[in-house]
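Visitor: Hi! Could you walk me through this protein in plain words?
Guide: Happy to. Have a look first, then ask away.

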Amino acid sequence: MKLISKKTLIFLVVILIVVFGLFIRSRKKDTKEYYTVQRQDMELIVETSGYVQSNDKADLYFQVSETVTDVLVVEGDAVEKGDILATVSGQSLAQSSQVARDNRDIAIFEKDLYVEKYATDTDAVGGDDEYDRQLRIYDENISKAEALYDQSLINIRKSVIVAPFDGTISKVYVNKGDLSSVSRPAMEIQDVSKPVLYTNISEVDISYTDTSDKVEIIFDAFPDKVFTGYIYSINPAPETIQGISYYKAEIKADNLPEKLRVGMSADVNILAEKKEGVLYLPLYLMDNVTADTGLVKLDGNNGSEETEIKIGLNNYKGVEVISGLNEGDVVVYDRE
């Protein structure tokens, strides 16, 4: 068997190194991506979730702390405005009211007794002026006692919870025998006949969102149909959820499912902003992206050059280029 000479072996190794080097260079060249800046239409779609609530909803509280004697409704009951929903014992309230009534009656009796005794003998109390002064004192005492009694009657009425509007009892938190609380709700009432769709818009997206923005809605319970509508109102006061500020917005739908119920949820897509014919650049081609700027590598005769650009609309897929690039410029992106 003929052996390969040392010179031949060295030559083959050199060839392999050159070929491998060319292969590596070609591989590196293949990692670069070139994008030509062009104009196109852009849309910013804010994706969020929606939830169905009633237009009229209220937590109902006892106004005194007493033993609950009756809970007259259960969850799901339909009630009318003025219906009594629950009561407390009111024993101490009744006792206080009786004391207030007795004090009022005593004040009236004392005046009547004074008039009966001295109306025809004012000299016995120091004359007409003194008699009239004492009458005014008695009248003041009667007026104060009457006010306390009236307040006690109001307090007795506080021993019941009354439906503030026609609706459905959606939550009941108390049972017979519980001690009522003035700080925790006893029950919740909603007008479920008028369901309303709401959504929470994050502080990141709220600057792009406005009333009248169009929306698309897909209810979890009706996934095969897309409903449309618009943002009707946005609450100016934020609500903090897990450390993030959200703004509650009401959505007016063009039509709603017939079997829509309070408590249902939906996916909501808000067409927050739309621009036509803007200079567009995919977001992944940029580095150090902020709310207003970003860095790109601009291809030129002398290789790539890092350039800062000013950006406008950002739809999380691409950005509108305000300045720093022109139509037809080529941006280089290294995929490695």
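Guide: Of the chain's 336 residues, 32% count as buried, where buried means under 20% relative accessible area, exposed means over 50%, and partly exposed lies in between (1.4 Å probe, protein chains only). This is a predicted model, where local features need pLDDT of at least 70, side-chain atom pairs count only at pLDDT 80 or more, and totals for chains, interfaces and linings use all residues. Residues are numbered from 1 along each chain as its sequence is written, and side-chain values use heavy atoms, with hydrogens and water left out.

Visitor: Okay! How many helices and strands does the chain have?
Guide: The chain has three helices and 19 strands. Both are DSSP runs numbered from the N terminus: helices are H or I with at least four residues, strands are E with at least two.

Visitor: Let's pick a strand residue. Where is Q190?
Guide: Q190 lies in strand β9, which covers residues 187-190.

Visitor: Is Q190 buried or exposed?
Guide: Q190 is buried, because its relative accessible area is 6%.

Visitor: And what does the side chain of Q190 make a polar contact with?
Guide: The partner is the side chain of S170, at 3.3 Å. A polar contact is a pair of N or O atoms within 3.5 Å; within protein, one must be able to donate a hydrogen and the other to accept it, and residues adjacent in sequence count only if both atoms are side-chain atoms.

Visitor: Which residues is Q190 in contact with, leaving aside neighbours within four places in sequence?
Guide: Among them are S54, D56, F165, T168 and V262. Contact here means heavy atoms within 4.5 Å. For the chain, among contacts between residues at least 6 apart in sequence, 71% join residues at least 24 apart.

Visitor: New topic: how many salt bridges are there?
Guide: The structure holds ten. A salt bridge is a side-chain nitrogen of Lys or Arg within 4 Å of a carboxyl oxygen of Asp or Glu. Side chains of opposite charge can pair when their charged atoms come close.

Visitor: Which residue does R104 meet in a salt bridge?
Guide: The side chain of R104 meets that of E146, at 3.4 Å from N to O. This pair links distant parts of the chain, with R104 in helix α2 (residues 91-118) and E146 in helix α3 (residues 128-157), 42 residues apart.

Visitor: What about K111, which residue does its side chain meet in a salt bridge?
Guide: That would be D139, at 2.6 Å from N to O. K111 in helix α2 and D139 in helix α3 are 28 residues apart, so this pair too links distant parts of the chain.

Visitor: Last stop, the largest pocket. What is its volume?
Guide: About 190 Å³. On a 1 Å grid over the protein atoms alone, a pocket is an open set of points where a 1.4 Å probe fits, with protein on both sides within 12 Å along at least five of seven lines; lining residues have an atom within 4 Å of a point. Grid points are joined across faces, edges and corners, and the volume is the space filled by probe spheres set on the points.

Visitor: Which residues line the largest pocket?
Guide: The lining includes E43, I45, D205 and Y316.
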